[in-house]
Amino acid sequence: MGKDLSSIRISRLNRLMQFFFMNRRGTTDRILDELGYRNGTNTRRGAVRALQRDLEYLRNEFQVEVGFDRSKRFYVLRGTGKYLLNLGLSESEVRSLAAGLALVRRHLPDLALDAERIWRKVAEILPEALLREGEHPAGALSPDVPASAGGDAPSPREAESVPEGNVQTVLFSSTK
């Protein structure tokens, strides 16, 4: 990924992506003002160069597509690429994340591959034992039958997950 990023730059890159996600476009001056590139120590030229470096970094490292429309004089987001996260998580939040990813991998076939990719990335940086603690309760929550996308008929994967001649009944009662 190139050079290590400071937490300040990670925060600035995330704010820049949030700006584009919310606005899709913005003039140079609006971006500089709203995102604090002009923090009192930078000249306008220095602030513009910092913005351009950040945009170049997002393009090269995270495949974010931001272009500059010369006729209208604004930057425009054309594709979000990848997101860079900087999170502080407690142990229980890590277990919750692991449980959620396990449930998605198990019960939402359309998202299972993406959840698996996220799981591998998270597993590289967080304690394996803590992740396994979160994954374990998720397996006990429900049978291994994927959730359907809706409709009257089960999906082929749902139909295959129930042995022929076997009926599964799920009872739910509210604790309220």
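Is Asp 54 buried or exposed? At 0% relative accessibility, Asp 54 counts as buried (under 20% relative accessible area; exposed means over 50% and partly exposed lies in between, with a 1.4 Å probe and protein chains only). The model shown is predicted, so local features need pLDDT of at least 70 and side-chain atom pairs count only at pLDDT 80 or more, while totals for chains, interfaces and linings use all residues. Residues are numbered from 1 along each chain as its sequence is written, and side-chain values use heavy atoms, with hydrogens and water left out.

**View 1. A salt bridge between Arg 12 and Asp 54.** The side chains of these two residues meet at 2.5 Å, N to O. The pair links distant parts of the chain, with Arg 12 in helix α1 (residues 7–23) and Asp 54 in helix α3, 42 residues apart. A salt bridge here is a side-chain nitrogen of Lys or Arg within 4 Å of a carboxyl oxygen of Asp or Glu; by this rule the count comes to 12. Helices (H or I, at least four residues) and strands (E, at least two) are DSSP runs, numbered from the N terminus.

View 2. Arg 117 pairs with Asp 114, the closest N and O atoms being 3.0 Å apart. Arg 117 is partly exposed at 40% relative accessibility, and Asp 114 is partly exposed at 39%.

**View 3. The salt bridge of Arg 38 and Asp 29.** The side chains of Arg 38 and Asp 29 come to 2.6 Å, N to O. Arg 38, at 33% relative accessibility, counts as partly exposed, and Asp 29 is likewise partly exposed, at 34%.

**View 4. Tyr 57 in helix α3.** With a relative accessible area of 10%, Tyr 57 is buried. The C-alpha atoms of Tyr 57 and Leu 13 are separated by 9.0 Å, although the two residues are 44 apart along the chain.

**View 5. Leu 103 in helix α4.** Leu 103 is partly exposed, its relative accessible area being 27%. Its C-alpha atom is separated by 8.3 Å from that of Glu 135, 32 residues apart along the chain.
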